[in-house]
Amino acid sequence: MAPVLEIKGLHAGYGPIKALRGIDLEVGKGEIMALIGSNGAGKSTLLMTICGIVKPTAGKVFYEGRDVTGIQSYNIMNQGVAQVPEGRRIFPRMTVLENLQMGGAKLSVAEFGRYLSWVQELFPMLSERAQQLGGTLSGGEQQMLAIGRALMSKPRLLLMDEPSLGLAPLISRRIFAIIEEINRRGTTILLVEQNAYAALRLANRACVLSTGEIVVSGDAQEMMDNPEVQEAYLGG
Amino acid sequence: MFTIGDPLIILAQQLINGLILGSIYGLIAIGYTMVYGIIGMINFAHGEIYMISSYLFAIFLALVGLFGVSSVPVALLITLVVTLVITGLYGFSVERIAYRPLRGSSRLAPLISAIGMSLVLQNFVLLSQGANTQIFPSIYEGVLRWSMGSKDNFVQITYIQAMIIGVTVVSMIALNILINHTPLGRACRATQQDRTMANLMGINTDRVISLTFVIGAAMAAVAGMLITFNFKSFDFFIGFVAGIKAFTAAVLGGIGSIPGAMLGGIILGLAESLFAGLVNTDYKDVFAFGLLVTVLVFRPTGILGQPEVEKI
Ligand SMILES: Nc1ncnc2c1ncn2[C@@H]1O[C@H](COP(=O)(O)OP(=O)(O)OP(=O)(O)O)[C@@H](O)[C@H]1O
Ligand SMILES: [Mg+2]
């Protein structure tokens with residue numbers, strides 16, 4: 001069976017800046033793949049290139065076996081990909097409910113109802129604050145909304161860009177538990193995380209990105225024991 | 001009780017006139033404000049829609065008559081639909097020709113190409129229709145009058161003016177429902193607030209941008225048809241002045257805000273009419289622009305425009 005996501009020799013950047021220099025990556029169905037790397041390594045760029053926002057200059061992206069390289073972003077996302085982007089990017093002048101409706105725009109009424117109650121069960125705050133404007137939520141609440149909004153689109157592949165950034169430890173742990181739960185329900189996840197320890201504990205496999213290249217990759221457990229990774233990303 | 005030329009009567013009459021003028025400004029201003037809201041640029045080819053809709057309205061009404069449609073409401077309805085379709089197409093083409101190819105270039109470039117398009121259109125109409133003022137037939141004549149005291153003292157509104165107010169109210173309600181309560185409207189607002197994120201939500205934002213130009217054009221066309229009905233004369237140059245006034249209204253109300261555009265239009269229309277009726281006709285435009293400057297001094301984002309209040 002084709003992997004959910006397969007990336008071959010991917011190059012991308014912003015004008016003269018080469019942010020990705022030949023990425024090869026495979027994410028199998030039902031996996032959690034962790035992507036770690038220091039600031040500016042190209043993690044967010046990789047997610048944006050998979051989604052068709054940043055256009056690759058070379059290489060290929062396959063989603064569920066189909067070549068999606070260079071096609072319009074909305075086309076890729078409508079095939080069952082969702083992203084929880086860096087900085088949350090909640091629609092600030094829409095209510096919480098409307099933000100969730102944006103996620104579930106393609107669902108039938110019945111399905112929308114089912115997914116909405118599931119998401120509101122995961123994050124009760126989203127039903128209590130249904131009518132509050134997205135822009136007035138706290139950072140942590142926005143992160144929950146961003147995850148909820150992505151889940152509303154019933155994704156088969158979920159890309160998450162630092163979901164625990166700026167969250168209190170308690171909330172952060174809750175988010176990781178929820179990521180696990182989402183994955184248990186069958187969603188394949190590519191998780192970018194600063195908190196490498198938490199990410200490696202959660203993931204099946206992981207890779208380390210450094211200045212646009214994958215320098216280490218393998219089983220998450222092995223990575224945790226890898227002295228190089230420990231030194232650079234797990235604080236020795 | 002009241003005497004002829006009673007200031008109160010003039011005031012009441014000018015309020016009605018101002019409301020009508022303001023409705024027209026407001027309808028056109030919506031196109032400016034929606035396009036600005038979504039791509040952050042002024043559509044300088046927008047005023048011409050008002051002009052071509054006048055021509056289309058007159059031409060197609062005559063054509064429909066020639067083809068033997070004798071019922072006036074039916075003829076009007078057919079003409080209305082045809083005019084909306086053609087002006088909608090014009091709005092669509094402006095975006096495709098003047099704006100989309102220039103995305104990512106300097107902000108000035110699309111403005112120049114849009115002005116270019118409006119000049120082309122103006123001159124096309126000038127060459128094909130001539131520079132003369134065109135006359136529109138009188139339909140639905142009649143006035144409603146309220147007398148005040150004696151029979152020489154009255155405030156009046158023509159059927160057509162009443163229709164202008166009615167059609168404006170209905171258009172605004174329809175637009176409000178579309179924008180605030182439908183998936184399509186949500187897609188528009190999402191695209192306006194964060195285009196990349198809207199893309200990531202599976203929205204074809206190019207189509208949404210096209211749609212914005214088309215909706216704006218349709219609203220301006222409604223205004224153009226209504227005013228043609230009312231004044232019964234037009235020429236190839238009316239789009240320019242109306243465009244500037246409506247643009248002023250959009251900025252006054254807070255550019256980017258749809259209720260703001262309507263409010264700005266009404267305030268501008270009222271201010272102009274009251275000034276013309278009670279003070280001086282020649283300086284009404286000076287007063288209107290002065291009002292804009294005054295408001296902007298105290299509220300730089302316009303009356304209903306909100307400064308960005310985003311938490312990152
Ligand atoms: N819009 C942009 N224009 C120009 N350069 C950019 C842009 N976005 C990112 N870059 C550059 O591309 C490189 C990779 O950036 P990217 O955001 O992918 O890093 P990252 O791994 O996500 O970092 P962080 O952990 O800080 O989020 C950086 O050098 C960055 O400066
Ligand atoms: Mg990043």
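Mentor: Strands (E, at least two residues) and helices (H or I, at least four) are DSSP runs, numbered from the N terminus, and two strands pair if DSSP finds at least two bridges between them. This is a predicted model, in which local features need pLDDT of at least 70 and side-chain atom pairs count only at pLDDT 80 or more, while totals for chains, interfaces and linings use all residues. Residues are numbered from 1 along each chain as its sequence is written, chains are lettered from A and ligands numbered from 1 in the order in which they are written, and side-chain values use heavy atoms, with hydrogens and water left out.

Trainee: Which residue in β4(A) is the bridge partner of A:I7?

Mentor: The partner of A:I7 is A:V61, and the strands concerned, β1(A) and β4 (residues 58-63) of chain A, run antiparallel and are joined by five bridges. β1 (residues 5-14) of chain A also pairs with β2 (residues 17-27) of chain A, again in the antiparallel sense, over eight bridges, and here A:H11 stands opposite A:R21. Two residues separate β1(A) and β2(A) in a hairpin, where A:G15 in the turn has a positive phi of about 60°.

Trainee: Which residues coordinate the magnesium ion (ligand 2)?

Mentor: Donors are N, O and S atoms within 2.8 Å of the metal (3.2 Å for Na, K and Ca), and because water is not among the atoms, sites may look incomplete. The magnesium ion is coordinated by A:S44 (OG) and A:E86 (OE), at 1.9 to 2.4 Å. A:S44 lies in helix α1 (residues 43-50) of chain A and A:E86 in the loop between β6 (81-84) and α3 (96-103) of that chain, so the pair ties together parts 42 residues apart in sequence.

Trainee: How many residues of chain B are in contact with chain A?

Mentor: Contact means heavy atoms within 4.5 Å, and 22 residues of chain B are in contact with 26 residues of chain A. Buried area is the accessible area (1.4 Å probe) that two parts lose on being put together, summed over both; for chain B and chain A it is about 2300 Å², 57% of it on carbon and sulfur atoms. Of the area that chain B buries against chain A, B:Q193, B:L200 and B:M201 supply 29%, more than any other three residues.

Trainee: How many salt bridges are counted between chain B and chain A?

Mentor: A salt bridge is a side-chain nitrogen of Lys or Arg within 4 Å of a carboxyl oxygen of Asp or Glu, and the count between these chains is two. A:R89 forms one with B:D194, the closest N and O atoms being 2.9 Å apart.
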